[in-house]
Amino acid sequence: MTEAARDDRRLTRLRARLEGQLALKEVPVAIPRAGRRYTILTPSDHDRLLDEAEADPEQNLPYWAEIWPSGIALADVALARAADLADRPVLELGSGLGVTATAALEAGADLLAADYSAISLNLCRYNTLRNAGREPRTTEINWRDPAQELLDRADALRGYPVILAADVLYETRDVAPLLAITARLLARDGALWLAEPGRDAARRFLAAADELGWGRTSETHEGPWNDGTGVRVGLHFLRRPA
C-alpha cells in the first residue's frame, strides 16, 4: 500500500470517528502572510459542546472549537521561522483544531500537540494529516494538574526548545498555572511563542512574566483574518530568566 493510500485510509477512519461524535463542517482558512490555504474540519454545533462542558468538573469551555485569529497568526510565524522549528522537538499547548499545528508540521517540527479535549486532538490529527500530510503526536493535558508522563517526556529532552501557544488565555485563573507549566517544560535556552488578541488574562500573564524576569520581544499581526475581523494579534517570544 502506498503512503498516500495509507493516509487516505487514516483520514477516513478519523473522520468516521469524529462524525460519530458531533456535527462537522469544513472551513477554508487563509494563512495571509505565507499565502497558504488550509481546509479545516470544525464542529458545527457549538451549543452541544457548551452543554457538555457544564458537566466538566474543571468547567473548561470549548474554546478549542473556534478558528481564532491568534492561531492563524502563529501559523504564519511558524512558516516564516521554519528554521527555528525544523527537526526540533516542539510542544504546542492548546492545539485546538490544528491550524498552528499544520504550519508547524509543514515547517518540519517534531511536534507534540497537547489539549484538554480528546475531540480537539482528534480534529487536530485529521486537519494536520489532511493539510500537511503529517500528524503530530498528541497528549491530553490539564495544565492546572499536568500528567507525570508529560513532565517525564520534557525531562528526557531537557525541555522543549520551542513551546507554541495561541489564544490559550481566556480566564485569569489560568495565568499562574500556564506560566508554571511553561517554565517546567521549556528548555533552559528555549522560547515560548505566544499569540494573543489583547485579552485581560494575556496582559496579566505577560506582566507576571516580566516581573519574574522573562525576556520578551513582540510584534503585531493584523490579518486579514478568516472571520473578517480586524483584531490585532500580539505575537510574543518569551525566554525564561537565567
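This note sets out numbered points on a predicted model.

1. Basis of the note. The model is predicted, so local features are taken at pLDDT of at least 70 and side-chain atom pairs at pLDDT 80 or more, while totals for chains, interfaces and linings use all residues. Residues are numbered from 1 along each chain as its sequence is written, and side-chain values use heavy atoms, with hydrogens and water left out.

2. The second largest pocket. This pocket holds about 190 Å³ of space. Its lining has 15 residues, and those closest to the centre are Pro161, Asp189, Ala191, Trp193 and Arg239. A pocket is an open set of points on a 1 Å grid over the protein atoms alone, where a 1.4 Å probe fits, with protein on both sides within 12 Å along at least five of seven lines; lining residues have an atom within 4 Å of a point. Grid points are joined across faces, edges and corners, and the volume is the space filled by probe spheres set on the points.

3. Make-up of the lining. At least two lining residues come from each of β6 (160–166), β7 (186–196), β8 (215–221) and β9 (233–239); β7 gives the largest share, four residues. Strands (E, at least two residues) and helices (H or I, at least four) are DSSP runs, numbered from the N terminus. By type, the lining comprises six nonpolar, three polar and six charged residues. Here Ala, Val, Leu, Ile, Met, Phe, Trp, Tyr, Cys and Pro count as nonpolar, Asp, Glu, Lys and Arg as charged, and the others, Gly among them, as polar.

4. Strand β9 and its partners. β9 runs antiparallel to β7, with six bridges, and antiparallel to β8, with seven bridges. Two strands pair if DSSP finds at least two bridges between them. Arg239 of β9 stands opposite Ala191 and is also the bridge partner of Gly215. Six of the seven residues of β9 are buried (under 20% relative accessible area; exposed is over 50%, partly exposed in between; 1.4 Å probe, protein chains only).

5. Nonpolar cores. In the largest nonpolar core, of 48 residues, Leu85 and Trp193 touch the most other members. Helix α3 (residues 69–80) provides the largest share of this core, six residues. A second, separate core has 29 residues, including Ala114, Ile141, Val175 and Leu179. A nonpolar core is a set of buried Ala, Val, Leu, Ile, Met, Phe, Trp, Tyr and Cys residues joined through side-chain atoms within 4.5 Å.

6. Surroundings of Trp193. Leaving aside neighbours within four places in sequence, the contacts of Trp193 include Leu74, Leu85, Val162, His236 and Phe237. Contact means heavy atoms within 4.5 Å.

7. Backbone points to inspect. Most residues other than glycine have a negative phi, and most peptide bonds are trans. The peptide bond from Gly223 to Pro224 is cis, with omega near 10 degrees; Pro224 is in the loop between β8 and β9. Asp87 has a positive phi, near 65 degrees, and lies in the loop between α4 (82–85) and β3 (89–93). Asp87 counts as exposed because its relative accessibility is 74%. Asp167 also has a positive phi, near 55 degrees, and lies in the loop between β6 and α8 (175–185). Asp167 counts as buried, because its relative accessibility is 6%.

8. Tyr38. This residue belongs to strand β2 (residues 36–43). Tyr38 counts as buried because its relative accessible area is 1%. The C-alpha atoms of Tyr38 and Ala132 are separated by 8.9 Å, although the two residues are 94 residues apart along the chain.
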